[in-house]
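This report looks at how the parts of one structure meet. Please read it with the structure open.

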Amino acid sequence: MLINLDNAATTFPKPPSVRKAVAEAMESFGGNAGRGGHPLAMRTSAALYSARETVAEFFGAMPENVIFTMNCTYALNMAIQGIMSGGGHMIISGIEHNSAARPAAELARNGKITLSVAPVHSDDEPTADAFRSLMREDTKAVVCTLAGNVTGQIPPWKRIAALCRERDICFIADGAQACGILDIKMSDGINILCTAGHKGLYGITGTGLLITDGKYPIKPLIQGGTGSSSLSLVQPELLLESLESGTPCIIGAMSVKAGIEFIQKHGISRIRSHEEKICSRFISRLHSIPGAVVYREQGASYAPVVSFNIGDIPPELLAADLAEKGFCLRAGFHCAALAHTQLGTKNGTIRFSPAFFNTEHDADALANSIKYVLDSEKYQKNY
Amino acid sequence: MTVCIVEMPSYTYAVKGEKLLSSRGYPCKIKRNTNASPGSCGYSLFIYRDCEKAAGILAQYRVPYTNISYGGG
């Protein structure tokens with residue numbers, strides 16, 4: 001028995017249609033996109049463009065502004081380093097993943113930018129106020145997750161984006177935990193959306209996206225072959241070639257396209273509602289376990305992720321014992337130094353993150369197993 | 001008969017241009033251009049009628065191109 005409840009890391013299993021798309025891409029799209037005029041290259045180029053179109057339509061963007069990357073971390077690094085290359089002030093939220101916090105902190109440590117961290121409260125008003133009060137004349141960009149990866153908290157990002165728009169500040173959104181769960185459109189005030197292709201979008205690992213509205217030029221992180229202006233030693237300025245050097249993961253892009261089509265077929269609100277039901281079920285079962293702490297606050301909104309602890313039991317220990325029973329859960333600090341500092345966790349948490357293919361039965365099975373494990377001598381004796 | 005060849009800066013814009021023009025009744029096709037200028041990506045839009053109007057549509061929708069040559073065969 002294997003029950004994957006670590007879908008916030010990467011969704012598994014992938015939908016059959018995604019697996020089929022990957023197999024088809026392996027068989028049919030073996031050329032290099034945008035390079036060469038032979039049938040294999042032309043067929044592959046057309047396929048990759050169709051993937052861009054699907055992504056663009058899903059997020060309300062232009063196909064030429066959809067950049068395939070290897071993951072969300074890469075996209076965030078491109079956005080943060082590319083936008084802040086000329087220096088200035090940047091604000092990140094207090095629940096950012098290290099994929100945003102580390103590149104921002106590195107730029108600040110090297111004296112290239114100044115950095116502020118805005119706390120995320122349970123209520124929207126003080127969170128929006130915190131961002132507003134940190135905005136300055138030289139603030140160039142704000143990075144805010146659309147749903148935190150530790151607790152799933154959804155900050156009031158539309159309000160923050162509106163504040164940015166009023167002040168001509170670039171709003172960079174980390175959609176890794178939100179895309180495929182929340183209905184997100186660039187017109188919501190997002191200038192640059194960075195996301196994973198392999199989480200809520202159900203593509204394969206090694207896929208990510210940077211989607212821009214084109215308003216703020218992004219200095220490329222890397223340069224190289226783009227299939228265009230080949231005789232020039234200068235990187236093309238035109239999107240998307242300026243940001244997509246080298247051969248993209250075409251098979252991965254086709255998996256993301258199939259993943260998005262899967263979401264469209266089932267409906268984003270239905271998927272969210274299904275996963276929320278599983279979370280609610282699990283939380284209600286946790287409440288019957290003595291010492292259970294669920295990291296959720298009144299007034300806050302959450303994506304379908306539940307972070308919890310049981311008393312003083314080290315989360316890694318409990319997760320390891322549950323893993324032996326076939327439950328896949330992520331314990332520890334979840335690559336999120338800021339969020340765990342804000343939560344004040346000592347050893348981190350255990351994160352429960354269902355996806356489309358989980359059921360409420362999985363939540364029950366896990367809760368029963370937690371009770372069973374806690375009744376064992378090891379836990380009775382030590383905790 | 002090919003009326004004109006529009007050299008494109010990227011494959012992405014070539015497809016964008018092709019879709020834009022085809023949907024408006026201008027027959028065209030993406031082909032690899034053997035005489036592409038250095039600034040091009042090597043892909044061109046071969047437009048088969050009303051080339052000036054078609055080029056105007058590309059400009060109107062901000063689809064960039066690097067060169068346009070008339071009178072292909």
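**Domains of chain A**

Domain bounds here come from an automatic or database domain assignment. The model is a predicted one, in which local features need pLDDT of at least 70, side-chain atom pairs count only at pLDDT 80 or more, and totals for chains, interfaces and linings use all residues. Residues are numbered from 1 along each chain as its sequence is written, while chains are lettered from A and ligands numbered from 1 in the order in which they are written.

Chain A has domain 1 (3–11 + 267–382) and domain 2 (16–265). Between the C-alpha centres of domain 1 and domain 2 of chain A there are 28 Å.

**Where the domains touch**

Two residues are in contact if their C-beta atoms, placed from the backbone, lie within 7 Å. By this rule, 29 residues of domain 1 of chain A are in contact with 29 residues of domain 2 of chain A. On the domain 1 side, α10(A) gives the most, with six residues. Helices are DSSP runs of H or I with at least four residues, strands are runs of E with at least two, and both are numbered from the N terminus.

The domain 1 side divides into 15 nonpolar, ten polar and four charged residues. Ala, Val, Leu, Ile, Met, Phe, Trp, Tyr, Cys and Pro count as nonpolar, Asp, Glu, Lys and Arg as charged, and the others, Gly among them, as polar.

**Chain A and chain B**

Here 13 residues of chain A are in contact with 14 residues of chain B. The chain A side has five nonpolar, six polar and two charged residues.
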